[in-house]
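Reader: I would like to go through how a few labels are assigned here. Please set each value against its cut-off.

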Amino acid sequence: MALSQKQISGIKAVIFLLALLPFFRLVAFAFLDKLGANPVEFITRNTGDWTLYFLCIALAVTPVRRLLNVPWLLKLRRMLGLYGFFYASLHFLTFLWFDHFFDVQEMWKDVLKRPFITVGFIAFVGLLPLALTSTNGMIKRLGGKRWQLLHKLVYVIVPFGVLHYYWMKSGKHDLTQPLMFAALVGTLLLARVWWHWSATARNQASA
Amino acid sequence: QKMAATLNPAYALIEKKTAYKDATTYNNFYEFGTDKSEPAQTAGSLKTRPWTVTIEGEVKKPITLDIDSLIKLAPLEERIYRLRCVEGWSMVIPWIGYSLSNLIKKVEPTANARYIEFITLDDKKQMPGLRSPVLEWPYVEGLRLDEANHPLALLTFGMYGEVLPNQNGAPVRIALPWKYGFKSAKSIVKIRFVKDQPRTAWNSAAPREYGFYSNVNPEVDHPRWSQATERRIGEDGLFARKRKTLMFNGYSEVASLYSGMDLKKFF
């Protein structure tokens, strides 16, 4: 299916707005006093969930594009990944602001002492270079190959994010959701391994 | 449904009570789901009448009591207690009940009775959360006998001038204000007096994270978060700093129960 540039821009605009809905929902809930008994917990969990949703959707672009043969999906990937970063930033800001009131020293103590926060923090820091190099100019400056290599970091970052969620829930023995994420991310990453192997096998056979 | 009780002035905290709505919609009661909003939505299926509580084990006079006779065993008092959850939030709740020691006296524990065990209802038909294996069911909690005999330990039947809502542990639960909330067993069907320290639900699920004693202690962190501060539900909103957690949740009168014990080891 081939789409015109105009159609793709339209789709991008619609998804751009849809992806903001969770954020505006939180803002509206905050003003309407609908964040429940523990607003900080609500915001923390909600922004954490949406981070993982968007990173999974961004990781799904390539497999879906190949399976269903819809090449233009690639044009949405950068935006989806950046939304993952946007919600991760809100998640981190909630932690820094409402949990620690910008007491960076206290925050560091938490980050270093508690493994689930450590891995979450690493994942967030890992997203920073990807977000910073997401512009066309940066792609040019780095060169396509190096840029691609750098952005493969996401294959490590997302599992760290899932581990963060898993450890957060593990003491409460409530692992259904983290395990669902783990299965999904595992499938999306294994699909890449599989394609890589079969491509190498094909190359060797033809050589 | 109203429940009459006289306020006990010894336990009339002057702190602001948590809103009824928050106290009845933000609950940890895994028998009705792991999400804190779930118990309020699903606990309607719990039938609190007829209901009996069996008291057995190392006692001279074991007995099975109908819930309404249990309520009449001693005069009902209203007591306003702080409630500190192990997750780092707190509430202030006006409970209705009487000291557990009244019931203990009635059944006459033997010399072998050193611990007391509370067992929660375990019925999949009434409790949808039991289908998921998050904990070993039934939920078991326990105390040392001298802890259970402390006047603060409240056998609880109501809150906010009414009978307990199902999601808060109807028709009978314990309230132990100096311990983290999960120690206060809900919807109790059996109380056993035993010789050895009971295997309690959270302690056997994650012994590193949830000790048998689980006294509120700002100096002993949970492995995944600090216990030094807490957020008071409904008061310490988004922009308020968290408040300091007090040793034994501010109930220093229990300290003598633990004299000579290393509370970092027996957390």
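Author: Buried means under 20% relative accessible area, exposed means over 50%, and partly exposed lies in between (1.4 Å probe, protein chains only). The model is predicted: local features need pLDDT of at least 70, side-chain atom pairs count only at pLDDT 80 or more, and totals for chains, interfaces and linings use all residues. Residues are numbered from 1 along each chain as written, chains are lettered from A and ligands numbered from 1 in written order, and side-chain values use heavy atoms, without hydrogens and water.

Reader: Why is C56(A) called buried?

Author: Its relative accessible area is 5%, and the limit is under 20%, so C56(A) counts as buried.

Reader: What makes C85(B) buried?

Author: C85(B) has 8% relative accessibility, and therefore counts as buried.

Reader: What span does helix α1 of chain A reach, and what is expected?

Author: Helices are DSSP runs of H or I with at least four residues; α1(A) covers residues 5-31, 27 residues. The expected span is 1.5 Å times one less than the number of residues. From first to last C-alpha, α1(A) reaches 39 Å, close to the 39 Å expected.

Reader: Where does α1(A) bend?

Author: The bend is the angle between axes fitted to the seven residues ending at a residue and the seven starting there. At L21(A) that angle is about 35°, and P22(A), a proline, follows within four residues. P22(A) is also among the buried residues of α1(A).

Definitions and conventions: Helix = DSSP H or I, 4+ residues; strand = E, 2+ residues; numbered from the N terminus.
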